[in-house]
Amino acid sequence: MKTKPPVIGVIGSSAAGAAGRDLAYEVGRLLAEAGTVLVTGGLGGVMEAASRGCSEAGGLVLGILPDADSAAANSYVDIVIPSGMGHARNVLVAQTAQVLIAVEGALGTLSEIAIGLKTGRAVFLLGSTLQVEGAIRVATPQQAVSAALLILKEGTDG
C-alpha cells in the first residue's frame, strides 16, 4: 500500500510583519525536511513565506486560493486550487490539513483555527497574540513542527 505524506497547514495573515514571515519561512523549511506536504491559502504574507521555505527545501506546496484566478497564487505554490469561494475557502484549508500551525494571524486565521479545533485538529500558535481555548502555544518553529509531527505519529489528528 502506498504511504501518503502528512499534510500540515500553515495559516496566518497576508499582511504579516517581518518576524511572522521569518517564523513562517522556517516552519515551511522544517516541514519540507520532514517530508510533509504544506497546505496554505496560497497568497502572500505568512502563506508565501511558509511556501518559500518549503519550496526552497524541496517540499511540495498546495495552495487553496479564495478566488477563481490561479494566477493569484504566490510563485512557490506547486499545486493551485482556485476555489472561487472567498473566505469560505478557509474551511478547505483547515480540513485539508491534518494539523494546523498558526503564525501571527488575524480574523481569517482565527476562522481557520476555529474550524480546525471544531473538527478535531491540533492547532499550534506561533508568534500569535490570538487567545483561543484549545490551541497550543509554541515558542519556536522547531517546537511547532516537532509537536505537529508527534501528534501525527500518535494518530490523534483530525
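Student: Which backbone oxygen lies 3.2 Å from a polar atom of the side chain of Arg-121?
Tutor: The backbone oxygen of Thr-119. This is a polar contact, that is, a pair of N or O atoms within 3.5 Å; within protein, one must be able to donate a hydrogen and the other to accept it, and residues adjacent in sequence count only if both atoms are side-chain atoms. Please note that the model is predicted: local features need pLDDT of at least 70 and side-chain atom pairs pLDDT 80 or more, whereas totals for chains, interfaces and linings use all residues. Residues are numbered from 1 along each chain as its sequence is written, and side-chain values use heavy atoms, with hydrogens and water left out.

Student: Where does Arg-121 sit, then?
Tutor: Arg-121 is in the loop between helix H4 and strand S6, residues 122-126. Helices (H or I, at least four residues) and strands (E, at least two) are DSSP runs, numbered from the N terminus.

Student: Is Arg-121 buried or exposed?
Tutor: Arg-121 counts as buried because its relative accessible area is 11%. Buried means under 20% relative accessible area, exposed over 50%, and partly exposed in between, with a 1.4 Å probe and protein chains only.

Student: And S6 itself: why is S6 described as largely enclosed?
Tutor: Because five of the five residues of S6 are buried. Ala-122, Phe-124 and Leu-126 point one way, Val-123 and Leu-125 point the other way, and all of them are buried.

Student: Which strands does S6 pair with?
Tutor: S6 runs parallel to S5, with five bridges joining them, and parallel to S7, with three bridges. Two strands pair if DSSP finds at least two bridges between them. Leu-100 stands opposite Val-123 of S6, and on the S7 side Phe-124 has Ile-136 as its bridge partner.

Student: What hand does the unit of S5, H4 and S6 have?
Tutor: These three elements make a right-handed β-α-β unit. A crossover is right-handed if, with the strands pointing away from the viewer, the path from the first strand over the helix to the second runs clockwise.

Student: Now S1. How many of its residues are buried?
Tutor: Six of its six residues, 7-12, are buried. Both faces of S1 are covered, with Val-7, Gly-9 and Ile-11 on one side and Ile-8, Val-10 and Gly-12 on the other.

Student: What are its neighbours in the pairing?
Tutor: S1 is joined to S2, residues 37-40, by three bridges in the parallel sense, and Gly-9 stands opposite Val-39 there. The chain goes from S1 through helix H1, residues 18-33, to S2, and this β-α-β crossover is also right-handed. S1 pairs with S5, residues 99-103, in the parallel sense over five bridges, and Ala-102 is the bridge partner of Ile-11.

Student: Change of topic. What is the volume of the largest pocket?
Tutor: About 250 Å³. Of its 19 lining residues, the closest to the centre are Gly-12, Ser-14, Met-47, Arg-89 and Gly-108. On a 1 Å grid over the protein atoms alone, a pocket is an open set of points where a 1.4 Å probe fits, with protein on both sides within 12 Å along at least five of seven lines; lining residues have an atom within 4 Å of a point. Grid points are joined across faces, edges and corners, and the volume is the space filled by probe spheres set on the points.

Student: Which element gives the largest share of that lining?
Tutor: H4 does, with four residues. The elements that give two or more residues are S1, H3 (89-96) and H4 (107-118).

Student: Last topic: the loop between S7 and H5. What is the exposure of Ala-139 and Thr-140 there?
Tutor: Ala-139, in that loop, is exposed because its relative accessible area is 60%. Thr-140 lies in the loop between S7 (136-138) and H5 (141-154) and counts as partly exposed because its relative accessibility is 28%. The side chain of Thr-140 reaches the backbone nitrogen of Gln-143 at 3.0 Å.
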